Amino acid sequence: WIQGGPGDSWTEEYWTEPRADIMLGTGLSGKGLEVKSFEFMRIQGATFWGSPQGQPAVPFKMTSMTPNVVVFENPKHDYPTRISYQREGKMLIATVSGPGGSNPQTWRYRRVRD
């Protein structure tokens, strides 16, 4: 999944297919040819684990799931406290936010390959 393009700011997420109740993901963000940040992610059972910039992984428990939307939350984390993924046609919309939906950041990804 990618947002942005050549020469612009961009963000990518790559996820494995689910296997034995686990999915592994990586994220990269940058501008042009420069990588500015990275993250290792996994969804295991009903928990999303995020490890930005190689920091220790932080758990976010799944709090809701529909056919098109999954929400993970950790109210004790500083920011974000909520992570959601939503499928909208061929788009994947990822949003992180603080308590009560404050300070949301959203990425609208398109598939890199089918």
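The following legends describe views of a predicted model of a single chain.

**Figure 1. Overall fold of the chain.** The secondary structure consists of 10 strands and 0 helices. In sequence order, the elements follow the pattern β-β-β-β-β-β-β-β-β-β. The chain is as compact as a globular protein of its length, because its radius of gyration of 14 Å is close to the 13 Å that the globule rule gives for 114 residues. Along the principal axes, the C-alpha atoms fill a box of roughly 35 × 30 × 25 Å.

**Figure 2. Surface, burial and contacts of the chain.** The chain exposes about 7400 Å², of which 55% is supplied by carbon and sulfur atoms. Of the 114 residues, 32% are buried. When contacts between residues at least 6 apart in sequence are considered, 21% of them join residues at least 24 apart.

Figure 3. The chain carries 13 positive and 11 negative charges.

Figure 4. Strand E9 spans residues 91-97 and includes Thr-95. The relative accessible area of Thr-95 is 17%; this residue is therefore classed as buried, the cut-off being under 20%.

**Figure 5. Contacts around Thr-95.** The side chain of Thr-95 forms a polar contact of 3.1 Å with the side chain of Thr-106. With residues up to four places away in sequence left out, Thr-95 touches Arg-82, Ile-83 and Ser-84, as well as Pro-104, Gln-105 and Thr-106.

Conventions:
Residues are numbered from 1 along each chain as its sequence is written. This is a predicted model: local features need pLDDT of at least 70, side-chain atom pairs count only at pLDDT 80 or more; totals for chains, interfaces and linings use all residues. Side-chain values use heavy atoms; hydrogens and water are left out. Helices (H or I, at least four residues) and strands (E, at least two) are DSSP runs, numbered from the N terminus. The radius of gyration is taken over C-alpha atoms; the globule rule is 2.2 Å times the number of residues to the power 0.38. Buried means under 20% relative accessible area, exposed over 50%, partly exposed in between (1.4 Å probe, protein chains only). Contact means heavy atoms within 4.5 Å. Accessible areas come from the Shrake-Rupley method with a 1.4 Å probe; for residues, only the protein chains shown count as cover. Lys and Arg count as positive and Asp and Glu as negative; His and the chain ends are not counted. The place of a charge is taken as NZ of Lys, CZ of Arg, CG of Asp or CD of Glu. A polar contact is a pair of N or O atoms within 3.5 Å; within protein, one must be able to donate a hydrogen and the other to accept it, and residues adjacent in sequence count only if both atoms are side-chain atoms.
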